[in-house]
Amino acid sequence: MNQEEMFMKRIKQGEKIEATDWMPDEYRQLLIKLIHMHAVSEIMGAYPEKEWVPKAPSLRRKLAIMAKVQDEMGHGQLLLRIVEDLVYPLGKKREDLIEDIYYHRVKFHNVFHMEARTWADAGLIGWLVDGAAIINQAALLSTSYGPYARVLKRICAEESFHMQHGENIILTLAMGTAKQKQMLQDSLNYWWESLLFFFGPKEVTPAAERMIHYRIRTLTNEQLRQKFFDKYIPRIHSIGLTIPDPHLKYDTEKKCWVYTEPDWKKFSEIVKKNNGPKSRERIELRRQAHEGGRWVRQAMLCKPVG
Amino acid sequence: MTKKEVAEYGVYEVFIQKSYTDPHIHVGSLVAPTSELAMQWARENFLRRDSAVSLWVVQREHIDQTSTDFLARELDRKYREVRGYTENGRLWRMFKEKTLTIEEIVAAVEEKNRNLKSKNKK
């Protein structure tokens, strides 16, 4: 049995692969692509919400949304550590992984290119964008890569708070004035398509197929999207909101949700070219933070005088 | 009287990982002349019954420890905890729904996983 066959045997037996184990190049590259994007999405995902920290409607809301922003940045750090170990043999470092953001060499999720226009948007991000992300992450808990599985376990535990936080903002608005309810409906209308796109294309792409082969992931995009529908559509309806899709219905024969597909082209351009409503502004802030902090990172390496 | 020759062993802290999806957890310490022997003795001391997938030994002087003050919590932090949002359950009931938990999502996804596995077997 050659190295590659031994490796696949381990995967098929449900063993976890560790950072220092031998792995095929393809496995490493797929992991780097997936986890780097995940890490960067956590970091760029903090921006839409941090924009609402100064404008939060109460002190408690301000503290809570700050705590969430801190969690997202923390998740980014945990995930970057994993990518660092994976890119180490390729001679890449943390600096490169961050620079990749503003040199447009790494993508992040479409939802974080969008604008958080109102407090309802901030709440909806907490409820549904996080909800979608949690479904994705829960499905990855069984991944074949050990370090990723362990970090995801921790991330998911912290997401429990995010879920309650998002629900609480939404429930408060749903019980509020007519104007607040309208704001919530407008928010759902703005985010719905983005949420559908978030899970990725319906067809299983060649890269996704390889990830399933290596058990990096086990479910397809469409299976995850359907899970999201199962859990969230009844709740969206219960609080009196209308989902902006006249064709949305549950097909009792096929046992799945039928829906109008999002504009795949529009959103994939946003992700590939970083040309969404807020992409450039947020990436520029990231660049400034990274470049501006360089002298601090270097200064901290110096030995204290005396 | 001649002074006794005393072999001074270093202290090693022992960490055990029970399964690949768990972190390494501190279980105790021992003294040993080398890290190789520390590992052998850790296995005999801490793993006579329980199984494990990985074991770490770390020389105590390589561990930096905080003070309790460093970890003090003066402020109420319920706003960042699930228990700070217990009213959600009551609010959802007003809308004839219930609060969503991470456990429910994990179960739903795993159910899909099981279905997938049984389908593959067919």
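Helices (H or I, at least four residues) and strands (E, at least two) are taken here as DSSP runs, numbered from the N terminus. On that basis chain B holds 3 helices and 3 strands, and along the sequence these elements follow the pattern β-β-α-β-α-α. The model is predicted, so local features need pLDDT of at least 70 and side-chain atom pairs count only at pLDDT 80 or more, whereas totals for chains, interfaces and linings use all residues. Residues are numbered from 1 along each chain as its sequence is written, chains are lettered from A and ligands numbered from 1 in the order in which they are written, and side-chain values use heavy atoms, with hydrogens and water left out.

- The domain assignment, which is of an automatic or database kind, divides chain B into domain 1 (10-62) and domain 2 (71-121).
- Taken over C-alpha atoms, the centres of domain 1 of chain B and domain 2 of chain B lie 35 Å apart.
- Chain B has 122 residues, of which 25% count as buried, where buried means under 20% relative accessible area, exposed over 50%, and partly exposed in between (1.4 Å probe, protein chains only).
- With contact defined as heavy atoms within 4.5 Å, residues 24 or more positions apart account for 40% of the contacts in chain B that have a separation of 6 or more.

**Chain A: packing of helix H2**

- Helix H2 (residues 25-50) of chain A packs against helix H8 (residues 206-213) of chain A at an angle of about 115 degrees, the axes being 11 Å apart; axes are lines fitted to C-alpha atoms, for helices over the stretch in contact, and angles run from 0 to 180 degrees between N-to-C directions.
- That angle makes H2(A) roughly perpendicular to H8(A), on a scale in which angles under 35 degrees count as roughly parallel, over 145 as roughly antiparallel, 65 to 115 as roughly perpendicular and the rest as oblique.
- H2(A) crosses H8(A) in a left-handed sense, meaning that the near helix is turned anticlockwise from the far one by less than a right angle, while clockwise would be right-handed.
- In this pair, Glu26(A), Leu30(A) and Leu34(A) of H2(A) meet Ala207(A), Arg210(A) and Met211(A) of H8(A).
- H2(A) also packs with helix H11 (residues 279-292) of chain A, at an angle of about 110 degrees and with the axes 10 Å apart, which makes H2(A) roughly perpendicular to H11(A).
- The contact between them involves Ile43(A), Met44(A), Tyr47(A), Pro48(A) and Lys50(A) of H2(A), together with Arg282(A), Ile283(A), Leu285(A) and Arg286(A) of H11(A), and the crossing of H2(A) and H11(A) is right-handed.

**Chain A: individual residues**

- Ser41(A), in helix H2 of chain A, counts as buried at 3% relative accessibility, and it touches Phe108(A), His109(A) and Phe112(A), not counting residues up to four places away in sequence.
- Glu291(A), in helix H11 of chain A, is partly exposed with a relative accessible area of 29%.
- His104(A), in the loop between helix H4 (94-102) and helix H5 (119-140) of chain A, has a positive phi near 60 degrees although it is a residue other than glycine, and at 36% relative accessibility it counts as partly exposed.
- Asn274(A), in the loop between helix H10 (264-273) and H11 of chain A, has a positive phi near 50 degrees and is buried, with a relative accessible area of 2%.
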